[in-house]
Amino acid sequence: MKKQQSIAILQRQRTASEQLISVSSSGPEFTKWHRDTEIAIERIFGPQSRNLEDFKAVRYSLGAFSTSTPESEFRAAYLRGLKNAAAVLDSMILEIEEYSLDDDKAESEPDQLSLIEKLCLRFHSAARQLQQRYSDRNTLTINDEYDVQDFLHSILRLHFDDIRAEEWTPSYAGGSSRVDFLLKAEQIVIEVKKTRVSMKAKDLGEQLIIDRGRYESHPDCKTLVCFVYDPEGRIGNPVGIERDLEKHSGALRVRVIIAPKS
């Protein structure tokens with residue numbers, strides 16, 4: 001990402017933080033701003049950067065409170081968090097202005113994770129388009145995870161040369177399993193899931209936690225992408241689940257994508 005573009009994005013998020021003063025920290029406006037800002041910082045500085053850690057460390061609520069704590073103290077903590085977040089963003093903008101970014105390197109190394117994320121987020125639109133064929137010709141109907149895997153595999157083929165389907169993972173917790181897709185050159189594993197009536201949000205979370213632990217020891221996996229296709233909107237709080245499951249202390253980079261979200 002180019003220097004001026006990075007500065008413009010951070011300035012936009014910095015300005016947007018000032019408009020959150022009149023809304024609640026539990027409201028959708030704050031949730032969207034916080035997630036958008038995290039993504040922007042990750043794209044600009046990298047997923048393991050101090051910049052991203054500094055922004056995630058900002059707190060917008062009280063660390064300790066009781067039932068008698070007045071509402072004004074919660075409000076003050078929220079406003080204090082917004083002020084600290086703005087200061088962190090200001091520091092990042094200054095960092096780019098003074099130390100610049102390696103534009104040549106950014107141009108020569110495309111962000112493969114961003115590409116995969118975009119494909120997953122647009123998966124549902126492509127799946128719906130398949131249903132609109134000339135003269136009602138036969139098409140692929142996505143009923144289960146195998147259908148999702150087949151369709152996603154064909155989309156990935158447009159962008160990646162070496163896609164290894166269902167490689168065995170190392171033994172974990174007494175057993176082993178297959179990988180849905182391994183992009184060996186990029187060191188990215190993509191796990192595919194499709195929601196169903198019998199799958200609760202808790203079940204999904206438990207499965208993804210197991211997947212995360214399993215791939216920690218995979219020699220060719222530095223990044224794990226968990227794509228959850230939810231066409232019926234069975235997951236009530238997709239953004240919250242994504243954020244919770246992406247938080248962990250291991251070296252493995254984890255990206256959870258639940259789509260569509262509405």
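**Entry 1: cavities.** A cavity here is a set of points on a 1 Å grid over the protein atoms alone where a 1.4 Å probe fits but cannot get out. Points are joined across faces, edges and corners, and a volume is the space filled by probe spheres set on them. I noted that the model is predicted: local features need pLDDT of at least 70, side-chain atom pairs count only at pLDDT 80 or more, and totals for chains, interfaces and linings use all residues. Residues are numbered from 1 along each chain as its sequence is written, and side-chain values use heavy atoms, with hydrogens and water left out.

The largest cavity has a volume of about 30 Å³. Which residues line the largest cavity? I listed Leu-208, Arg-212, Leu-224, Cys-226, Leu-245, Val-254 and Val-256. Lining residues have an atom within 4 Å of a point. Helix 9 (201-215), strand 4 and strand 5 each give two or more residues to this lining. Helices (H or I, at least four residues) and strands (E, at least two) are DSSP runs, numbered from the N terminus. I sorted the lining into six nonpolar residues, no polar and one charged. Ala, Val, Leu, Ile, Met, Phe, Trp, Tyr, Cys and Pro count as nonpolar, Asp, Glu, Lys and Arg as charged, and the others, Gly among them, as polar.

**Entry 2: cores.** I turned to the largest nonpolar core, which has 24 residues. A nonpolar core is a set of buried Ala, Val, Leu, Ile, Met, Phe, Trp, Tyr and Cys residues joined through side-chain atoms within 4.5 Å. Buried means under 20% relative accessible area (1.4 Å probe, protein chains only). Ile-116, Phe-123, Leu-152, Leu-156, Ile-190 and Phe-227 touch the most other members. Helix 8 (145-156) is one of the elements that supply at least two residues. Helix 8 gives the most, with five. A second, separate core of 21 residues includes Phe-45 and Tyr-60.

**Entry 3: aromatic rings.** I found eight aromatic pairs in the whole structure. Rings of Phe, Tyr and Trp (its six-membered ring) pair if their centres lie within 6.5 Å; planes under 30 degrees apart count as stacked, over 60 as edge-to-face and the rest as tilted. Trp-33 and Phe-55 have ring centres 5.8 Å apart and planes at 65°, so they are edge-to-face. Trp-33 sits in helix 2 (residues 28-45) and Phe-55 in helix 3 (residues 50-56), 22 residues apart. Trp-33 is buried at 4% relative accessibility.

Definitions and conventions: Buried < 20%, exposed > 50% of the residue type's maximum accessible area, 1.4 Å probe, protein only. 1 Å grid on protein atoms, 1.4 Å probe; cavity = no way out; pocket = protein on both sides within 12 Å on 5 of 7 lines; lining within 4 Å.
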